[in-house]
Amino acid sequence: VIRCRAAVAWAPGKPLSVEEVEVAPPKAGEVRIKIVATGICHTDECLLQGFFPNAEFPVIPGHEGAGIVESVGEGVTSVKPGDKVIPLCLPQCGECSYCLNPESNFCQKSHMYEPQNLLPDKTSRFTCKGKQIHHFLWISTFAEYTVVPEYAVAKIDAAAPLDKVCLFGCGFPTGYGAAINVAKVKPGSTCAVFGLGGVGLSVVMGCKAAGASRIFAVDINKDKFAKAKELGATDCINPQDFKKPIQEVLTEMTGQGVDYSFEVIGRIAALASCNMSTGVCVMVGLLNSGSEISIDPLLLLTGRTWKGTVMGGWKMRECLPKLVSSYLEKKFNSDLLITHTLPFAKVNEGFELLRAGK
């Protein structure tokens with residue numbers, strides 16, 4: 001058993017509490033990882049506020065981390081102690097019908113299918129003050145050590161800087177892949193990205209990499225615009241600057257609406273912003289648990305496509321190592337997404353920065 005620090009959420013709506021926890025050794029088919037760096041993602045904020053579906057408290061959040069394998073359980077062959085790895089909030093078991101389908105990146109072991117609050121044997125590896133602590137999406141990266149199933153671990157290049165590639169656990173591949181894999185943005189096309197957080201900016205990078213001719217970056221926080229332009233946005237738009245709905249503004253600016261739109265904040269304007277014949281709108285942002293959105297069916301009748309994505313369409317175990325290699329070859333610069341670097345004890349300050357849009 002390893003004793004280490006972890007940021008525990010004891011109840012929804014309360015700040016995280018940095019505690020000493022006990023982390024049990026890995027059982028058969030499991031891997032214990034020393035987490036070196038973790039990003040803070042808006043999905044963790046959904047969890048802390050009690051809006052994440054099927055989650056249970058107390059819990060150790062975090063799902064965007066990178067670390068080094070400390071030990072492995074019986075039967076584990078794909079990683080060994082000392083390997084650099086990224087734990088995966090979307091597993092790839094390799095056996096379910098989704099994993100076996102080359103067009104799918106989903107897995108029936110994932111949280112949307114059955115909760116990942118406990119490891120597959122329905123027990124936790126975390127205890128604190130004598131209490132069992134739940135896992136989050138199996139990976140709980142807000143702990144200095146964590147235990148995950150082998151099929152929720154991707155081994156990456158030993159040269160990768162863990163404090164930079166931790167973003168590859170969620171935010172960067174989700175946005176980048178939404179453009180490249182899910183929308184399949186074509187060269188010369190027009191795109192609109194709604195919401196310019198880490199995921200939205202990653203969508204901008206994906207649209208640029210795919211050769212889009214115009215990329216409209218839409219946000220009510222104009223402080224995000226300089227970074228969006230640096231990453232490839234051609235036009236930055238604040239909906240509050242206009243008297244008419246943003247979808248009408250975009251339709252006027254492009255003649256018929258954009259070819260591709262990306263909804264990264266959980267609003268509906270993106271669907272009406274893409275052109276009515278062949279426009280594709282991809283839902284990327286997580287809505288609060290139980291949310292519903294209503295749409296006019298005529299928006300779809302003329303030919304628009306409305307689709308969703310999880311983790312940008314990547315089959316995580318096999319694709320993440322290749323993405324990290326592309327990063328090391330400087331094919332894109334995801335480092336620009338990192339605004340602040342804080343010590344672990346200041347995790348709550350990190351969430352304050354997130355809530356402030358900074």
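Strand 10 (residues 190-194) and strand 13 (residues 260-263) run parallel, joined by four bridges. When I say two strands pair, I mean that DSSP finds at least two bridges between them. Helices (H or I, at least four residues) and strands (E, at least two) are DSSP runs, numbered from the N terminus.

A quick word on what we are looking at. This is a predicted model, where local features need pLDDT of at least 70 and side-chain atom pairs count only at pLDDT 80 or more, while totals for chains, interfaces and linings use all residues. Residues are numbered from 1 along each chain as its sequence is written, and side-chain values use heavy atoms, with hydrogens and water left out.

Angles here run from 0 to 180 degrees between N-to-C directions, and axes are lines fitted to C-alpha atoms, for helices over the stretch in contact.

Now, what packs on the sheet? Contact means heavy atoms within 4.5 Å.

Helix 5 also has a helical partner. Its axis and that of helix 4 (residues 171-183) come within 7 Å and cross at roughly 40°. The two helices are therefore oblique to each other; on this scale, angles under 35 degrees are roughly parallel, over 145 roughly antiparallel, 65 to 115 roughly perpendicular, and the rest oblique. From helix 4, the contact residues include Phe172, Tyr176 and Ile180, and from helix 5 they include Val199, Val203 and Met205. By class, this contact has nine nonpolar, five polar and no charged residues. For that count, Ala, Val, Leu, Ile, Met, Phe, Trp, Tyr, Cys and Pro are nonpolar, Asp, Glu, Lys and Arg are charged, and the others, Gly among them, are polar.

Let's move to the antiparallel strands. Strand 3 (residues 30-38) pairs with strand 8 (residues 145-149) over five bridges, in the antiparallel sense. Strand 3 also pairs with strand 4 (residues 65-72), again antiparallel, over seven bridges. Isoleucine 33 is a handy landmark: it stands opposite threonine 146 in strand 8 and opposite valine 69 in strand 4.

There is also an open sheet of four strands, with the order 1-2-6-7 and antiparallel pairing. Strand 1 (2-8) and strand 7 (131-133) are its edge strands, each pairing on one side only. Strand 1 pairs with strand 2 (residues 17-23) over seven bridges, and alanine 7 stands opposite valine 18 in strand 2.

Two backbone details, then. Which residues does a cis peptide bond join? Phenylalanine 57 and proline 58, with omega about -10°. Proline 58 is in the loop between helix 1 (42-48) and strand 4, and asparagine 54 is found in the loop between helix 1 and strand 4 too. Asparagine 54 has a phi near 60°, a positive value in a residue other than glycine.

Finally, the domains. The assignment gives domain 1 (2-169 + 315-356) and domain 2 (173-311), with bounds that come from an automatic or database domain assignment. Their C-alpha centres lie 28 Å apart, and the contact takes 21 residues from domain 1 and 14 residues from domain 2. Thanks, everyone!
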